[in-house]
Amino acid sequence: MNAYIGKALQLDLIDTDGKGFALEPGRATFVYFMRAPTCQQCNSAVRKLAARQDALRTVGVDVVVALPTGTEEAAAWKAAKRVPFDVVTGRSGTAHEEAGLLRKVFGLIQQSGGMLLDQDGQVRYSHVATNPGDSLRLPELDEAIQNLPISR
């Protein structure tokens, strides 16, 4: 995913209602790519992000959670976990594939991670992990947010 740093990321997303989804113009966004809705480490990462939601919004950063599933499964997960963020999937294929997150270990393990996009849609931080326990590095994300023009 580091190949995306400084480039605009174009993701063809749909929300849990099956409608097209676009990132909010003029706002920075952290897209967290979950391995699967059943991944305990990924669910823990989403809870950590939810605990920081107010602080993130205060500095102008929205959070979007991407799942490599269909919209029905994503909607059920969002409702069951009471996720306060927009939850999206890819319109054709997965958002993960579009962002370069692969399936590793003989195609069995979906990579997870995150990308911070600035208010112009350019990637300013990215991290990818095959081990979902390493998919969210909050100190690195905090530093990247501090370096965004909006946080100064």
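The questions and answers below concern a predicted model.

Q: How many bridges join β8 to strand β9?
A: Strand β8 covers residues 112-117, and β9 covers residues 123-129. The two run antiparallel, and one of the pairs across them is G113 with V128. The number of bridges joining β8 to β9 is six.

Q: Which residue in β8 does T29 stand opposite?
A: Strand β3 (residues 28-33) runs antiparallel to β8, and five bridges join them. T29 of this pairing stands opposite a residue in β8, namely L117.

Q: How many of the six residues of strand β8 are buried?
A: In a regular strand the side chains alternate between the two faces of the sheet. In β8, S112, G114 and L116 lie on one side and G113, M115 and L117 on the other, and both faces are covered. The buried residues of β8 therefore number six of six, with buried meaning under 20% relative accessible area.

Q: Which residue takes a positive phi in the hairpin of β8 and β9?
A: The hairpin has five residues between the strands. One of them has a phi near 85°. That residue is G121, which is also among the residues that lie nearest the centre of the largest pocket.

Q: Is D118 buried or exposed?
A: D118 lies in the loop between β8 and β9. A residue is buried under 20% relative accessible area. D118 has a relative accessibility of 4%, so D118 counts as buried.

Q: With which side chain does the side chain of D118 make a polar contact?
A: A polar atom of the D118 side chain lies 2.8 Å from the backbone nitrogen of D120. Not counting residues up to four places away in sequence, D118 touches R27, A28, R124 and L148. The polar contact between side chains, at 2.8 Å, is with R124.

Q: What is the volume of the largest cavity?
A: A search of the whole structure finds one cavity of 30 Å³ or more. The cavity is lined by Q53, L56, R57, V61, D62, V63 and F85, which divide into four nonpolar, one polar and two charged. The volume is about 30 Å³.

Q: Which elements each supply at least two residues of the lining of the largest cavity?
A: The lining includes Q53, L56 and R57, and also V61, D62 and V63. The elements concerned cover residues 53-58 and 61-66. They are α2 and β4.

Q: How many residues line the largest pocket?
A: About 200 Å³ of space lies in this pocket. L9, Q10, L11, L23 and G121 lie nearest its centre. The lining divides into eight nonpolar, five polar and four charged residues, and the number of lining residues is 17.

Methods:
Residues numbered from 1 in each chain as written. Predicted model: local features only at pLDDT ≥ 70, side-chain atom pairs only at ≥ 80, totals over all residues. Heavy atoms only, no water. 1 Å grid on protein atoms, 1.4 Å probe; cavity = no way out; pocket = protein on both sides within 12 Å on 5 of 7 lines; lining within 4 Å. Points joined across faces, edges and corners; volume = space filled by probe spheres on them. Helix = DSSP H or I, 4+ residues; strand = E, 2+ residues; numbered from the N terminus. Nonpolar A, V, L, I, M, F, W, Y, C, P; charged D, E, K, R; others polar. Buried < 20%, exposed > 50% of the residue type's maximum accessible area, 1.4 Å probe, protein only. Pairing = 2+ DSSP bridges. Polar contact = N/O pair within 3.5 Å; in protein donor to acceptor, adjacent residues only side chain to side chain. Contact = heavy atoms within 4.5 Å.
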